[in-house]
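Work through the exercises below with the sequence and the model at hand. Each task is followed by a solution in steps.

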Amino acid sequence: MNLRCQKIKNYAKTVFNSYCSSNELLYATQIKNTTTVCTNHLTPEIKLYLINDQCKLWHLPVDQCPFNDPFWAFYWPGGQAISRFILDNYQYVKNKTVLDVGSGSAACSLASAMAGANEVTANDIDPVACVAAKLNAQLNGVKINILSKNILFDDCSNWDVIIVGDMFYSNDIADVLWKWLDSLRVCGKTILIGDPGRHCFKPNHHLQERLKKLEEYKLTENCCLENRGFATASVWMLD
């Protein structure tokens with residue numbers, strides 16, 4: 001066997017061993033076939049497999065999409081803001097353990113790893129999102145952990161920093177999140193939240209007093225178009 005064939009064989013083994021099941025391998029193939037590698041966002045140093053207007057999938061009817069809900073293929077504004085903030089303010093995660101809740105593409109996880117976190121866990125209950133996170137980590141040469149179980153109301157004793165980006169998309173989930181995050185705050189966790197100003201991002205008076213805005217970012221033009229006109233996104237800390 002010549003050197004070129006051996007390299008291809010070794011690469012195939014590496015790719016296959018990265019996934020635990022044939023379903024995950026299928027998801028990985030579908031993700032690569034339907035997305036494009038993008039850097040046109042607030043963190044161009046992070047490459048992500050995303051859906052944009054350059055993808056065939058962007059222009060297809062919903063019923064022709066191979067994924068039930070490819071939310072992981074969009075770089076949502078809150079996640080962009082947190083990722084940019086972490087890359088510019090590494091002291092929030094450096095030498096710490098980080099949990100990225102509802103991680104989607106895992107951009108915030110990747111930013112944390114790049115900023116020097118000791119260990120990073122991308123958490124999402126969607127199996128395709130977990131595969132997307134693996135692919136994006138490989139794309140950037142970054143090592144992160146992937147956790148697929150529902151972590152809400154876990155005491156998170158294994159992590160120092162909790163990241164929540166773009167999770168306040170409904171009143172029901174917002175109510176659950178605020179209660180859980182408040183309990184983690186009491187336990188001394190650093191809690192970073194990214195949101196562009198969704199109507200559900202309204203904690204009660206008790207928590208409003210503890211929310212501190214760390215930074216606000218102007219979104220790129222393409223991000224504004226993808227997110228119903230949101231022009232900025234902010235990073236908050238629950239203190």
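Buried means under 20% relative accessible area, exposed over 50%, and partly exposed in between, computed with a 1.4 Å probe on protein chains only. The model is predicted: local features need pLDDT of at least 70, side-chain atom pairs count only at pLDDT 80 or more, and totals for chains, interfaces and linings use all residues. Residues are numbered from 1 along each chain as its sequence is written, and side-chain values use heavy atoms, with hydrogens and water left out.

**Exercise 1.** Classify W58 and F74 by accessibility, and describe their ring pair.

Step 1. W58 has a relative accessibility of 36%, so it counts as partly exposed. F74, at 21%, is also partly exposed.

Step 2. Rings of Phe, Tyr and Trp (its six-membered ring) pair if their centres lie within 6.5 Å; planes under 30 degrees apart are stacked, over 60 edge-to-face, and the rest tilted. The structure holds eight aromatic pairs. One of them joins W58 and F74, with 6.5 Å centre to centre and 50 degrees between the planes, and is tilted.

Step 3. Both residues lie in the loop between β2 (48-50) and α3, so the pair ties together parts 16 residues apart in sequence.

**Exercise 2.** Is Q80 buried or exposed, and what does Q80 contact?

Step 1. Q80 lies in helix α3 (residues 77-88). Its relative accessible area is 2%, so Q80 is buried.

Step 2. Contact means heavy atoms within 4.5 Å. Leaving aside neighbours within four places in sequence, Q80 is in contact with H41, L42, T43, Y75 and C223.

Step 3. A polar atom of the Q80 side chain lies 3.0 Å from the backbone nitrogen of L42.

How values were computed:
Helices (H or I, at least four residues) and strands (E, at least two) are DSSP runs, numbered from the N terminus. A polar contact is a pair of N or O atoms within 3.5 Å; within protein, one must be able to donate a hydrogen and the other to accept it, and residues adjacent in sequence count only if both atoms are side-chain atoms.
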